[in-house]
Amino acid sequence: MTTYSRSDLAAKALRLPGLYGPDEAISGEDQEDAEAMAEAIVETLAEMNIYIPNGSVDVVPASWYIPLANFIGMYLVQSYGGPSPTEKSIQDAASPLRTMSAKPETGSILEAQYF
């Protein structure tokens, strides 16, 4: 399974909303800020009952890479003087994360025992 590091995620979160170009070098300070934002966002998502399978941004599964970077990028834009994310944009960006976080059905039936 392909995974991405915290620094990969932070760089993608800076590039997706156009804060940095695809070939533009990201400054060390901006990279650190984006990594700190990523950590804070993952904690916020956990409060929203959205959990990354491994529980951290240190190793991000490939399926989470773009949706999570997009979610983080919404908040990074604000740091660069852009608009704050709206409630709708937050919900729209959280929707795929919420879907991926949902536990799949087991297909089994739990039998209750009454005493």
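Which residues are buried in helix 1? In helix 1, the buried residues are Leu-9, Ala-10, Ala-11, Ala-13 and Leu-14, where buried means under 20% relative accessible area, exposed over 50% and partly exposed in between, with a 1.4 Å probe and protein chains only. The model is a predicted one, in which local features need pLDDT of at least 70 and side-chain atom pairs count only at pLDDT 80 or more, while totals for chains, interfaces and linings use all residues. Residues are numbered from 1 along each chain as its sequence is written, and side-chain values use heavy atoms, with hydrogens and water left out.

The cover over the buried residues of helix 1 includes strand 1 (3-5), helix 2, strand 2 (59-61) and helix 3. Helices (H or I, at least four residues) and strands (E, at least two) are DSSP runs, numbered from the N terminus. From helix 2, Gln-31 touches Ser-7, Ala-10, Ala-11, Leu-14 and Ile-26, not counting residues up to four places away in sequence; contact means heavy atoms within 4.5 Å. Gln-31 is buried, with a relative accessible area of 15%.

The axes of helix 1 (residues 6-15) and helix 3 (residues 62-79) come within 8 Å and cross at roughly 60°. Axes are lines fitted to C-alpha atoms, for helices over the stretch in contact, and angles run from 0 to 180 degrees between N-to-C directions. Helix 1 and helix 3 are therefore oblique to each other, since angles under 35 degrees count as roughly parallel, over 145 as roughly antiparallel, 65 to 115 as roughly perpendicular and the rest as oblique. In this contact, Asp-8, Leu-9, Lys-12, Ala-13 and Leu-14 of helix 1 meet Tyr-65, Ile-66, Leu-68, Ala-69, Ile-72, Gly-73 and Leu-76 of helix 3. Leaving aside neighbours within four places in sequence, Ile-66 is in contact with Lys-12 and Leu-16.

Helix 3 also meets helix 4: their axes come within 10 Å and cross at roughly 155°. That makes helix 3 roughly antiparallel to helix 4. On the helix 3 side the contact is formed by Ser-63, Trp-64, Pro-67, Leu-68, Asn-70, Phe-71, Met-74 and Tyr-75, and on the helix 4 side by Ser-89, Ile-90, Ala-93, Ala-94, Pro-96, Leu-97, Met-100 and Ser-101. By class, this contact has 12 nonpolar, 4 polar and no charged residues; Ala, Val, Leu, Ile, Met, Phe, Trp, Tyr, Cys and Pro count as nonpolar, Asp, Glu, Lys and Arg as charged, and the others, Gly among them, as polar.

The largest nonpolar core has 28 residues, of which Leu-9, Leu-45, Leu-68, Phe-71, Ile-72 and Leu-97 touch the most other members. Such a core is a set of buried Ala, Val, Leu, Ile, Met, Phe, Trp, Tyr and Cys residues joined through side-chain atoms within 4.5 Å. Helix 1, helix 2 (28-47), helix 3 and helix 4 (87-101) each give two or more residues to this core, and its largest share, 8 residues, comes from helix 3. Leu-45 is in contact with Ile-50, Leu-68, Phe-71 and Leu-97, leaving aside its neighbours within four places in sequence.

Asn-49 lies in the loop between helix 2 and strand 2 and is exposed, with a relative accessible area of 56%. Its phi is near 65°, a positive value in a residue other than glycine. Most residues other than glycine have a negative phi.
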